[in-house]
Amino acid sequence: MPSHLNFSQNSNAKEYRAKLLIHPEYQRLRVRIRQYRASVAVVLLTCYLSFLFVFVSFPQVLLQPVSAQNPTPWLIPAAIMLILFQFLVTGVYVKQMNTVFDDELERIRQDVEV
Amino acid sequence: MSNTALYFVLTALPLMILMIWSANRIRTAAEFYAAGREYGGLRNGLAITGDYLSAASLLGITGLILFSGYSGLLYAVGFFSGWPIILILLADKLRTIGHFTLADVLKSRFSDPRIVLVATLGYFPVVVIYLSAQLVAMTWLLNYIFGVKYEIVLAGLTGVALVTALTGRMIFSSRAQMIKAGLVMTLMLSMTLLAFDRASSSLSELFSIDIWFASNPPVNGAVSEDSPLALFSLGIALILGPVGLPHVMSRFFSVADERRARMSVFYATGMIGIFYILIILLGFLTVHLLGQPEASVTAAGSNLVLVRLAELIGGEFLAAVLVAILVVVLFSVMTSLILTGSSAFSHDWYARTVIGGSKRWNERHLHRLASSVTVVFAASLALLWQTENVANLVGLAFAFSASVNVPLLLGALYCDRLTSAGALSGGLAGLSATLIAVITGPLIWGNLSGSGESFFSWRHPALFSLSVAVLVMWFVSRWYHPSRREGDSDK
């Protein structure tokens, strides 16, 4: 459980939760997080699905050699780059969640507690 | 005893003892979560990697790259790509709402307990097929070492699996998983370097399309034996399948807070990425070093290609060490599959969903029964599928997961309009569609009839069965509203 939703049943906690939930900044932040998450998921799925589409429909494109000197088909760098790109996106996502959004959440929480 | 068998025993025995010794028998979920509390992101990430690394993909994909080249690559990319999706679509969301299993999520969202039953039934084929893939791989590896017939090794392994099923639960600790991850990665890295040295080709020659096509000449211009739609269907199963696996999430929740949980998934993503890139490299190194598949065709199908490579570059010693490590990895996956799979049935569904007063069975007996049935089914399939590629079998398990549990889980979490009736009928429709497609498909009908012909031509039906599930869910939720009295969806 994240700390901002981890409430016991006592009335203080309930009151705190109610305050937090109606806090306008908290509501805005939740929408932002949801949008951010959705956009990252869309980026990842789009990349994979476009790779998959080209992979199944146009194999001859991916089997073309990279260059005249280099007989490696495009498939190999494309597959490896796709893996690395997804790793990179995961990194950006984790960084954004762990620094920007978590800090803002912490700030709102303190604001409510005061 | 041959040298290979001796090296094998000398490596496998201490490893096995180490794994079992460090697997402190954790009895309750609370203890399991508590055990991981002190772990930081990196260590937990390594433990997650240990859970996720699959010997079946290592053996299967390298074989597929040698034998059918093109589609092998899809497995490597697809198995990896499901992982970041889990983090973003599920991990944070589940942590926020505080439910860690599919049964919990479904119960909190829908009032109808039969939906949990459908999800539990959906787990069953996933666990059985996944388990049969482990059995096929383990049987061939032991067959390679000891030269005993496939059927006899399989019978022995089934016995061991049954004993595991009957004697109780053993969760491999995070430490054991970390050791496992470290061993497999080190071994793969050294094999890649050794093989690269042996192949003495530049990186650009390594992937050369001419050498690749020399061993896999395209048939009538088609680079894969599957039709484009069937390959697309496989791709969908590979990316969605991991989202619905029974035990994926548990270790994610075993760290103390969200930040560390996310960091551990980040580290795990990196290591799993390296794992699949190494598999691609190793696959192409086998194309170079083993050349024409005919030369290495054995009864084992394409499953022992990597072992042949180890034999070539490091002699029987390296081959035996590789087999020993892989067998230990497969064994640990086997035990956790048997136990988590059947506890989804006996604990998540029966003990917690069936109404308290009317329980007729002892939960522990039911657990044993469920795990024994799982083992028997998996062993029969392993007998039928002895020449199938194991990565292919894992893909099939993912097809079930992607068509039953994933639509239920994502629907419950993200789709407010999904009603109880929609979830129930959609889940059932997805399950029946997958079952029918698989039973009448090449892997069961084709194998049994001997001619290889089948009614349903795709080996991986996810695209078909997932569409059926989603359409039924949408249609029933939209048009079927028996009475609104019960507050039919949200609690």
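This briefing covers the interface of chains A and B, the model confidence in chain A, and selected features of chain B. The model is predicted. Chain A and chain B bury about 3900 Å² between them. Contact across the interface involves 39 residues of chain A and 45 residues of chain B.

**Interface: area and contacts**

- Carbon and sulfur atoms account for 77% of the area that chains A and B bury between them.
- On the chain A side, the residues that lose the most area to chain B are Tyr48(A), Phe55(A) and Ile83(A). Together they make up 16% of what that side buries.
- The size of an interface is often quoted as the accessible area lost when the parts come together.

**Interface: polar and charged pairs**

- Three salt bridges are found across the interface of chain A and chain B.
- Asp103(A) and Arg259(B) form a salt bridge through their side chains, at 3.6 Å from N to O.

**Interface: the chain A side**

- Three helices of chain A each supply at least two residues to the side that touches chain B: α2 (24-57), α3 (59-62) and α4 (75-113).
- α4(A) gives the most to that side, with 17 residues.
- By class, the side of chain A that touches chain B has 30 nonpolar residues, six polar and three charged.

**Confidence in chain A**

- The average pLDDT of chain A is 83, and 90% of its residues score at least 70.
- Among the elements of chain A, α2(A) has the highest mean pLDDT, at 91. The lowest, 76, belongs to helix α1 (residues 11-22).
- Residues 1-9 of chain A stay under 50 in pLDDT. For this stretch the model has 21 contacts beyond four places in sequence.
- Where pLDDT is low, the predicted coordinates should not be read in detail.

**Chain B: overall build**

- Chain B contains 21 helices and zero strands.
- Of the 491 residues in chain B, 62% are buried.
- Counting contacts in chain B with a separation of 6 or more, 85% join residues 24 or more positions apart.

**Chain B: Gly147(B)**

- Gly147(B) sits in the loop between α7 (114-146) and α8 (150-167) of chain B.
- Gly147(B) has a relative accessible area of 61%, so it counts as exposed, the cut-off being over 50%.
- Gly147(B) and Ala5(B) lie 142 residues apart in sequence. In space, their C-alpha atoms are 9.5 Å apart.

Terms used: Residues are numbered from 1 along each chain as its sequence is written. Chains are lettered from A and ligands numbered from 1 in the order in which they are written. This is a predicted model: local features need pLDDT of at least 70, side-chain atom pairs count only at pLDDT 80 or more; totals for chains, interfaces and linings use all residues. Side-chain values use heavy atoms; hydrogens and water are left out. Contact means heavy atoms within 4.5 Å. Buried area is the accessible area (1.4 Å probe) that two parts lose on being put together, summed over both. A salt bridge is a side-chain nitrogen of Lys or Arg within 4 Å of a carboxyl oxygen of Asp or Glu. Helices (H or I, at least four residues) and strands (E, at least two) are DSSP runs, numbered from the N terminus. Ala, Val, Leu, Ile, Met, Phe, Trp, Tyr, Cys and Pro count as nonpolar, Asp, Glu, Lys and Arg as charged, and the others, Gly among them, as polar. pLDDT is the predictor's confidence in each residue, from 0 to 100. Buried means under 20% relative accessible area, exposed over 50%, partly exposed in between (1.4 Å probe, protein chains only).
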